[in-house]
Amino acid sequence: MSLGCYQTILFPTKGKSGFSSWNPLKNSQLKGNKISGVEFSNFHVIQRRKGIPMRLKSLLSVDSAVEIEGKEGVNTGSKYDAIVIGSGIGGLVAATQLAVKGAKVLVLEKYVIPGGSSGYYQRDGYTFDVGSSVMFGFSDKGNLNLITQALAAVGREMEVIPDPTTVHFHLPNNLSVQVHREYSEFINELISKFPHEKEGILKFYGECWKIFNALNSLQLKSLEEPIYLFGQFFQKPLECLTLAYYLPQNAGDIARKYVKDPDLLSFIDAECFIVSTVNALRTPMINAGMVLCDRHFGGINYPVGGVGGIAKSLAEGLIDQGSEILYKANVTNIIIDQGKAVGVKISDGREFFAQTTISNATRWDTFGKLLKAENLPKEEENFQKVYVKAPSFLSIHMGVKAGVLPPDTDCHHFVLEDDWTRLEEPYGSIFLSIPTVLDSSLAPKGRHILHIFTTSPLEDWAGLPPKDYEVKKELIADEIIGRLEKKLFPGLKSSIVFKEVGTPKTHRRYLARDMGTYGPMPRQIPKGLLGMPFNTTGISGLYCVGDSCFPGQGVIAVAFSGVMCAHRVAADIGLEKKSPILDAALLGLLGWLRTLA
Ligand SMILES: NC(=O)c1ccc[n+]([C@@H]2O[C@H](COP(=O)([O-])OP(=O)(O)OC[C@H]3O[C@@H](n4cnc5c(N)ncnc54)[C@H](O)[C@@H]3O)[C@@H](O)[C@H]2O)c1
Ligand SMILES: CC(C)=CCC/C(C)=C/C=C/C(C)=C/C=C/C(C)=C/C=C/C=C(C)/C=C/C=C(C)/C=C/C=C(\C)CCC=C(C)C
């Protein structure tokens, strides 16, 4: 890029009135490495295209001043309304929602493509999903189809393939349950396995529907924005009170009100474990209600071409809206000035500035790495008391000869063979997705993709010499594949034509998640969703989005967090209505409620 078409402007890093009122300096003010007597190190060095207003074109910082121009006394303000750190689905939804509201957004992504855990990679003719292939929120009805809505907001639509079975459970005591798309088929199958618990089953899943119907009736926006929240209470009082009632409750307690059979309670644990990595007693009832019903209401739908297409489409839509995304941009610091987040610094030294900064990195990474430890607000201390990092996972992506799968094999499987107590143990439960059952274009002809994963802590992989690390990878992968061969697909091992194993170290590296964590999980029994922080943080101008925000893990959950975040940020930068008095009251109340968790 030629520097000739850019002008360089220096902004003081410290100023009385905050960044938005800082002035560019004139060339004549530059003397050696000093500007009007102030060392360079005290200035942000920013480049912009000549002749283009600051708010409309990309700002690039450079290492040294080449030319200094700019109208003295002009209030140029920050270039961007928001910088988003990371392009996971949480970050992209926040970015696109803000962009369609008229904000100028810059997304900075460490990796070479967007998506994070919902990204993809291609090898030998296979397109692999990095993370989950179980897609909620992709239907064409209701208010909870948040992925469909996020894409539509930026003029995108993806063709999807309805999945007839959300998941096929293979559990101890030879309990096999298929979660059919049709609710009545699923419930009848479950009742046929536990006829003595018919009433309990209907009551537990009935409560889930109460929550789902309440959620599905609301227009989902930021619960931290009082004008919207009170408006919803006014329009849908019963639904809001229902949600408020369930907010501090967990699925396991409600299941125990109706169900006594220990195997059925363990089945409900497995249902919850899939979406929260913890058992039902530690899974918020609102989240359980959401996923245990949406799979029947909107259904699980797989995007043609793979999950990675969602992030790609959102990123394209973002650019269509006049916003920007920069890859290989590893944010190393959030820049704080006078207690306010004003921008970020990336690993090559460039700095970018905006009115607001939104971090899609986990809260542990945001407050442990991107900010100095001394900046840890009280609110984050509370979060870290209530939530810990869930373990990471071991993933195996395989290409297999198609003949090894029996006809009518389901797309998603959950395997826990003999012992319920191993549900939450590392390597205890196995998740398996075979997306080529739905979309054969993801693999070469005559082949299927098997995407296998199981929880695994980083500690198991740390400090191993490279050779031992490779040997361990092969050993553990072989054991997991052996279990699937025994339980589901005889001859599996000899049908493998491609195999790649990822460990917690792989996930830490490529997803930039502390310890490669799968997401937050409650340290003890939580009070439902009460302790989960929303998007604002204790630092003015800094917001978080993604799975360490309300409502937690899950692609649709982080999409909701993106919608909420964009609404709150838009209100704070004047793109949506806001009432400072009500804001102070509600944010104070929510902060206090979280301390009760
Ligand atoms: N991990 C999995 O395999 C998996 C599987 C299924 C579903 N999911 C779901 O996806 C959800 C995660 O979505 P999300 O949006 O919260 O986050 P994410 O982890 O998917 O995405 C975060 C993005 O931010 C980027 N990033 C992080 N730190 C950065 C930095 N300092 N500079 C620049 N970029 C940086 C990462 O590269 C990544 O692209 C999880 O809750 C999980 O439920 C994950
Ligand atoms: C404030 C006050 C006081 C009150 C208020 C009240 C109210 C109004 C409230 C409201 C609320 C709301 C709106 C809420 C919401 C929520 C939501 C939306 C939620 C969601 C959730 C979701 C989720 C959780 C999801 C998840 C998912 C997942 C995780 C998935 C996963 C998957 C996988 C892992 C795969 C599997 C695989 C195999 C099996 C193979």
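User: Between which helices is the loop in which threonine 277 lies?
Analyst: Threonine 277 is in the loop between H8 and H9. The model is a predicted one.

User: How do you know which kind of peptide bond joins phenylalanine 550 and proline 551, cis or trans?
Analyst: Omega is about 0° there, and the bond is cis. Proline 551 sits in the loop between strand E26 (542-544) and H15.

User: Why do the side chains of lysine 221 and glutamate 576 count as a salt bridge?
Analyst: The N to O distance is 3.6 Å. The cut-off is 4 Å between a side-chain nitrogen of Lys or Arg and a carboxyl oxygen of Asp or Glu, so the pair qualifies.

User: What domains does the assignment of the chain give?
Analyst: The assignment gives domain 1 (80-117 + 143-158 + 305-387 + 523-596) and domain 2 (183-295). Their C-alpha centres are 26 Å apart. Domain 1 puts 33 residues into the contact and domain 2 puts in 31 residues, where contact means heavy atoms within 4.5 Å.

User: Why is an area quoted for an interface?
Analyst: The accessible area lost when the parts come together is often used to give the size of an interface. For domain 1 and domain 2 the buried area is about 2700 Å², with 65% of it on carbon and sulfur atoms. Asn143, Leu144 and His567 account for 23% of what domain 1 buries against domain 2, more than any other three residues. The number of salt bridges between the two domains is one.

User: How many residues surround ligand 2, and which are the closest?
Analyst: There are 32 residues around ligand 2, the closest being Leu215, Val275, Val291, Leu432 and Tyr518. To be counted, a residue needs a heavy atom within 4 Å. The protein covers 95% of the 1000 Å² of accessible area that ligand 2 has on its own.

User: What is the make-up of the shell around ligand 2 by class?
Analyst: The shell holds 25 nonpolar residues, seven polar residues and no charged residues.

User: Which elements and domains supply the shell around ligand 2?
Analyst: Elements giving at least two residues each include helix H6 (237-246), helix H8 (262-276), strand E22 (430-433) and helix H15 (555-572). H9 gives the largest share, four residues. Domain 1 and domain 2 each contribute at least three residues to the shell.

Note on methods. Residues numbered from 1 in each chain as written. Chains lettered and ligands numbered in written order. Predicted model: local features only at pLDDT ≥ 70, side-chain atom pairs only at ≥ 80, totals over all residues. Heavy atoms only, no water. Areas by Shrake-Rupley, 256 points an atom, 1.4 Å probe, with all protein chains shown as cover. Nonpolar A, V, L, I, M, F, W, Y, C, P; charged D, E, K, R; others polar. Domains from an automatic or database assignment. Buried area = accessible area lost by both parts, 1.4 Å probe.
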